[in-house]
Amino acid sequence: MSFDISKERILAGMEKMNSCGTRLTGSKGHAEFIEYLKDEINKMGIRIFSDPFYFNRWEEKESSIEIIDGGENINIPVSSAYPYSGETPESGITEELVYVDDITDIPKINGKIAVFEISNVNFIPSEVAFDKRSSYPEDVVLPDKYEGPVITSFVQCFNGVISKLNKAKAVILIWKGLHDDCVKGQYLSFILGYQKIPMLWVTETDGKKVIEAAKEHKSAKFVLTAHTEENAFTESFYCILKGKNPKETVIVNTHTDGTNCVEENGAIALLELMRNLKDAELERTHIFVFTTGHFRLPRFKDIRTGSFQSASRWLAMHRDLWDGVGSHFKCVANLTLEHMGCKEWRDVDGEYKYTGQPEVELVYTGNKFVDKLYIDTVKERKTVRTMTLRGHNALHFGEGQNFFTMGIPEISLVPAPYYLCVVSDSHEMEKFDLDLMAEQTETFAKLIEKIEHISAKELGRSDGYSIVKARSVSGGTDFTLKGIAKKVKAKIKI
């Protein structure tokens, strides 16, 4: 095969996607983006199969916090609203602020506005979440502690439940230990169901004013109104490019809902791959899957396929295309593309800025064979900073998890920049690298070509989660008996 991966087409797709605005699940912008994708596929002459869904949608409309200080109200900028948290009347609520410093303060929040500090989760060893397979170049490492806004919001997501049980009227969550510019606009956390209690995020700097007011028993006016829609429409869709082999499929997937230019731009890359493959003589049937619901996982996950991602619903609905039972197709490999072209932005000497490097490409590989296949392929690239991983301790981020848990050997690209879930006017385009996304797209085109010539037996099955023990992703001691013994031996020598 010969491939023509066009940076101009990719950029045009990105600009069209950004013109749709924020593409939260089932929103107007999301629907417009899906229509654009389908129009482009129709132009290719490829048939589209659609799976419609209906769900109860929630989206922030207006939010504000004002501390009442005598006759003067002090405005506290809202960093973002907690998705699907709850809402107030349009007039808001006015109640005393209660700072929850420790567990003894929790009973005091009854009927009040609870105030919690949410500290950056920078105490969890990265090896709890990640098990390294390979890296290229070899010196690529992750921080020794897994941290950042996404994992922090996921781990510390219990404050709404505590507040609801203790009958608080509303909740203010204060980011702590993360740069103010990093946390503004974060659409987090999106993994919970409707909370029925309004919650707003503020930055650490602005949060200090809230804490001070709470300690002085001051009140605040809290507003969070939302647009709600019952039976809102959204859809997943997929396309089939038929191959000569009547039994085997390769599934290439991403999701279509997202917050900015990298979350989620995988669909733009899928279009480019489809343009290059539509007229090719394929050995295997290739199925391109565009799912909805990644940002409404409580509604769209289907744990019958052992996963909590949006593609789990598609897998449960279309077993005839992958499970190999009876006359069903057998999926022999999966390629998942998410979060492409990411630059690395971090807090550097007190300033949140570009480090000059690409974000580390986190890539889950289903077994050692496809891991080597991926590493050998990225070595052909100009810009590469990648680490491959095995699903570990039942943790596996991104839409490739769905295939990994079903035994399908995956190669799943899922970088995790700090700005992944940010909603902003710029759509985070200052953090996007077009050349890198084009190279990543070409890598997956080459993988498709290579997999065409590899037997199902060689590709094998995914090897399942590793438990507890892990190869170090931070360059430290492997979390294995051998690694621990080596560390103890070194200590004894000292």
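Glu264 sits in the loop that runs between strand E12 (248–255) and helix H8; helices (H or I, at least four residues) and strands (E, at least two) are DSSP runs, numbered from the N terminus. The peptide bond leading from Glu263 to Glu264 is cis, with omega near 15°.

Before going further, please note that this is a predicted model, in which local features need pLDDT of at least 70 and side-chain atom pairs count only at pLDDT 80 or more, while totals for chains, interfaces and linings use all residues. Residues are numbered from 1 along each chain as its sequence is written, and side-chain values use heavy atoms, with hydrogens and water left out.

Another spot to look at is Pro137, in the loop between strand E7 (131–136) and strand E8 (145–146). Tyr136 and Pro137 are joined by a cis peptide bond, and omega there is about -5°.

## H8 and its helix partners

Helix H8 (residues 266–277) packs with helix H1 (residues 7–19) at an angle of about 140°, and their axes are 9 Å apart. Axes here are lines fitted to C-alpha atoms, for helices over the stretch in contact, and angles run from 0 to 180 degrees between N-to-C directions. H1 and H8 are therefore oblique to each other (under 35 degrees counts as roughly parallel, over 145 as roughly antiparallel, 65 to 115 as roughly perpendicular and the rest as oblique). From H1, the contact (heavy atoms within 4.5 Å) takes in Arg9, Ile10, Gly13 and Met14, and from H8 it takes in Ile268, Glu272, Arg275 and Asn276. By class, these residues are 3 nonpolar, 2 polar and 3 charged; Ala, Val, Leu, Ile, Met, Phe, Trp, Tyr, Cys and Pro count as nonpolar, Asp, Glu, Lys and Arg as charged, and the others, Gly among them, as polar.

H8 also meets helix H13 (residues 434–452): the two axes come within 10 Å and cross at roughly 45°. H8 and H13 are therefore oblique to each other. H8 contributes Ile268, Ala269, Glu272, Leu273 and Leu277 to this contact, and H13 contributes Met437, Thr441, Phe444, Ala445 and Ile448. The contact of H8 with H13 has 8 nonpolar, 1 polar and 1 charged residues.

How many disulfides does a search of the whole structure find? The count is 0, with a disulfide taken as a pair of cysteine sulfur atoms within 2.5 Å. For Cys182, the closest cysteine sulfur is in Cys421, 11 Å away and too far for a bond. Cys331 has its closest cysteine sulfur in Cys239, at 16 Å, which is also too far for a bond.

Cys182 is buried, at a relative accessible area of 3%, and Cys331 is buried at 2% relative accessibility. (Buried means under 20% relative accessible area, exposed over 50%, partly exposed in between, with a 1.4 Å probe and protein chains only.)

## Two residues with positive phi

His339 is not a glycine, yet its phi is positive, at about 55°. His339 belongs to the loop between strand E14 (330–337) and strand E15 (343–348). Is His339 buried or exposed? With 3% relative accessibility, His339 counts as buried.

Asp349, in the loop between E15 and strand E16 (351–358), likewise has a positive phi of about 55° without being a glycine. Asp349 counts as exposed, at 80% relative accessibility.

## Lys368 in H11

Lys368 is part of helix H11 (residues 368–378) and is exposed, with a relative accessible area of 69%. Leaving aside neighbours within four places in sequence, Lys368 is in contact with Arg133 and Asp463. Lys368 and Pro409 are 41 residues apart in sequence, and their C-alpha atoms are 9.7 Å apart in space.
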